[in-house]
Amino acid sequence: NRLVLQQSDTLWSWNGQNRSFLYASGGVINEMSISDSSLLLTVTKSDTGQIVILKKDGTVSSVIRDPVWTQSPTQVFRNGSGLWIADRKAGLSKFTSNSFTGYIPNGPSLNPIGQMIITNGNLRSAPYKPSNSWRSETRKGQPVQFVEDVWDNVSALPEMKWETLEDIHCLAMDENEQTLWGGSMKGGLFSLRGKNAFTLYENTATLSKENPIGGMALDGKGQLWATNYGSSSQLHVRTTKGNWFSYRIPFLINE
């Protein structure tokens, strides 16, 4: 039968007539909740986070602090003998018997989501969305896919294999050859057959890796078409025999 009030980093107790001091955290109180007659707080203090459990009278029952799992806690919930902790940096964890267990829901490995393509019910997504200035943001990382209800990287190759490609943003899928094509803002384009057969096209007879790949498409013959933004030859094609040809658009285009 009391109301607990938060004022900045301090908690007060109100019994309907009077206010009395309860607790001062010395940091930012992100959230407070009641569980089993205890007050649970998520606190950020001096760039570190902690969970504070208070008794009814405001004295500290326990403090849970960990450099990995409580970096920036936002919410805490008690379930039986365990505490579920939501953290901005560490995600979701459960604290029981002085140890943490992390829970990472299945999802894309990178936050940025660029072009998405769906073929035969499978989703593949590039890890970047181009900016209006059409400049590379120098982001690294391979595309991701959602196949049979599971998110995963498109390849089983080590990440260093993708280091020369910056900001992969456009994709095309050749279902006949089971080959994924992708274009980058800097570094050229790639083809990936299966999970391991990777080919990087940095410089061809016509294609420049220093200029962004603007977009890609496959025609009915299985030929790959690509634009090369800023290049003297803006349109390129790769035949099914692996030969490259380029075309210069015969009129002025600004973009």
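This is a predicted model: local features need pLDDT of at least 70, side-chain atom pairs count only at pLDDT 80 or more; totals for chains, interfaces and linings use all residues.
**Stop 1: the open sheet**

Select strands β12 to β15. Four strands form an open sheet here, in the order β12-β13-β14-β15, and their pairing is antiparallel. Colour β12 (116-119) and β15 (150-153) separately: these are the edge strands, each of which pairs on one side only. Looking from one strand to the next, the twist averages 20°.

Four bridges connect the two strands in the antiparallel sense.

**Stop 2**

Move to residues 213-218, which make up β20, and residues 224-228, which make up β21. These strands run antiparallel and are joined by four bridges.

**Stop 3: the largest pocket**

Display the surface and go to the largest pocket, which holds about 290 Å³ of space. The pocket is lined by 18 residues; select E177, T179, W181, R193 and R238 for those closest to the centre. Next, show β17 (179-186), β18 (189-193) and β19 (197-201), the elements that give two or more residues to the lining. The largest share, three residues, comes from β19.

Finally, colour the lining by class. Five residues are nonpolar, eight are polar and five are charged.

Note on methods:
Residues are numbered from 1 along each chain as its sequence is written. Side-chain values use heavy atoms; hydrogens and water are left out. Two strands pair if DSSP finds at least two bridges between them. On a 1 Å grid over the protein atoms alone, a cavity is a set of points where a 1.4 Å probe fits but cannot get out, and a pocket is an open set with protein on both sides within 12 Å along at least five of seven lines; lining residues have an atom within 4 Å of a point. Grid points are joined across faces, edges and corners, and a volume is the space filled by probe spheres set on the points. Ala, Val, Leu, Ile, Met, Phe, Trp, Tyr, Cys and Pro count as nonpolar, Asp, Glu, Lys and Arg as charged, and the others, Gly among them, as polar. Axes are lines fitted to C-alpha atoms, for helices over the stretch in contact, and angles run from 0 to 180 degrees between N-to-C directions.
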